[in-house]
Amino acid sequence: MKPTVLVIDDESEIRYSLNRVLSSKGYEVLFAASGEEGIEEAEKHKPHVILLDNRMGGISGIETLQHLRTASSASMSVLMTAYGTTQTAIEAMKFGAFDYIIKPFSPQKIIQIVENAVRAHDDLEEAGDDEPARKVDPADLKEGIVGQSEAMQEVFKMVGQVAASDATVLVTGESGTGKELVARAIYRHSHRSEGSFLAVNCAAIPENLIESELFGHEKGAFTGATNSRQGKFELCDGGTIFLDEIGDMTLSTQTKILRAIQEGEIQRVGGNKNIKVDVRVVAATHKDLDSMMKEGDFREDLYYRLSVVRIQLPALRERSEDIPDLVEFMLRKLSSDETVKAHKVSSEAMARLVAYPWPGNVRELENLIYRSAVVAKGDTILVKDFPREFVEGTGNSVGSQDPEPVDDPEPEAPSATQVEEPSSTSSEPTKDEVVLGDSDTLSQSMSLDEAFDIVYAKIRESMPDTVLGTMEKEMVQRALRETGGNQVKASSLLGITRATLRKRIDQYSIRF
Ligand SMILES: Nc1ncnc2c1ncn2[C@@H]1O[C@H](COP(=O)(O)OP(=O)(O)OP(=O)(O)O)[C@@H](O)[C@H]1O
Ligand SMILES: [Mg+2]
């Protein structure tokens, strides 16, 4: 089946010339002369690609885009705009455009964009036919912890075993592996689940405040202590306290924590009364407490007291088989967010996710998925929705297994991260293209004379022998483009005979 392209433009000449260009490449072209008509046509024919003008009588291209999202969500829309402002570009992408193009554009450029759009459309369709999504166990969803790997199953077993007791638990693992999640799971499954759960991040509280935070203080204990105050241990009586980043505590605080655990009592700062507290401690750290002990930075007795039960969380790269489930879980969590359309990941994109070593573990995966789901155009996250650094970092090893990675990013395809800089001079110039530098940009307010000065100087600089020819070729090309390739009209526009026009077309090998 021929791919279909719907052209929505109120100017018949543009429709005419796009029809010529696109039909010559084998596309089936449909037309609409207004946004309203375009929405109807899109709904009826579900075209692969929709090219739409921004400035039209009736509703604008941007408004049309918003309707197209529901009328034909699988179609890839490309906004054609004469005013390449960042604002329009951002708006276009925000309302779900696949791309935008600044007028006037060459036939080659539009063909390239349409080809990319058709490919993106097909990738999405194909991804939709992928094997049914893996089903995350609904129980996991409630729990908020996912992991079918053997290592994680071991973790869950441990959680189940220790939850019922009051034993102190030390949770270790690299940053972002889910230590806090495990601490909360222990609490939820314990007989203390009716009591409170208080988390204290020892690394985030300044040293002079941590003791007061944990144990409270008496009035006048230090400057600013105008009232007595209960600390977390007291507040948490009957509950569970989560001491996060325990490796970041001073030796003096460590001593007091040890006492609270061992004796079950504390003293407020500046007080001398022993206060009984019934608190279960779950501690966590990403630091290597063994080597800290050797260096004398962590009390050995506290270490043994804390690690009555020790749960070591595996790094994500050691259990990459969990990645698909984690991704599905994360997308499921995002599904309540109306601005996020994506709820699955293409197989090529998933292969990249699984192959990546994830130094920031689950947290890093979560951030990437969130970011990609926001920029994804359809209901499927594709490789091109990933940040460039990530794609480059994962490219070769995975891509090489697949001779033609279907959703590999085109080097020149603008992505959402590039929309800030719509510029016709951003791509590499071909050998007979003239590129204007920043300092001599042509602007609307310039006189024709000034504009010619710049163009003349630029052509002379790069192609000194062919100033006239270069100018002539450009003018002929532009006239042909404007008239949709109509040689009679183009020649009268240029003030030359049709025969001369033909000669110039041959002489400069102009293809249209
Ligand atoms: N097994 C998992 N299933 C689902 N989500 C997870 C899992 N592990 C971690 N996460 C998510 O990843 C993020 C990081 O988890 P968490 O805060 O528990 O890690 P951490 O080990 O405490 O990290 P840090 O050392 O940086 O404090 C959280 O948003 C959490 O919900
Ligand atoms: Mg944490």
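H18 has 15 residues and reaches 21 Å from first C-alpha to last. That is close to the 21 Å expected at 1.5 Å a residue, taken as 1.5 Å times one less than the number of residues.

The model is predicted: local features need pLDDT of at least 70, side-chain atom pairs count only at pLDDT 80 or more, and totals for chains, interfaces and linings use all residues. Residues are numbered from 1 along each chain as its sequence is written, chains are lettered from A and ligands numbered from 1 in the order written, and side-chain values use heavy atoms, without hydrogens and water.

Which residues of H18 are buried? I found Ala451, Ile454, Lys458 and Ile459 (buried is under 20% relative accessible area, exposed over 50%, with a 1.4 Å probe and protein chains only). They cover an arc of only 125° around the axis, which puts them on the same side of H18; the arc uses directions from the helix axis to the C-beta atoms. On the other side of H18, Asp449, Asp453 and Glu461 are exposed. Helix H19 (467–482) is included in what covers the buried residues (contact: heavy atoms within 4.5 Å).

Next I checked ligand 1. A polar side-chain atom of Lys179 lies 2.7 Å from one of its oxygen atoms (polar contacts pair N or O atoms within 3.5 Å). A polar backbone atom of Gly178 is 3.1 Å from a ligand 1 oxygen.

Conventions:
Helices (H or I, at least four residues) and strands (E, at least two) are DSSP runs, numbered from the N terminus. A polar contact is a pair of N or O atoms within 3.5 Å; within protein, one must be able to donate a hydrogen and the other to accept it, and residues adjacent in sequence count only if both atoms are side-chain atoms.
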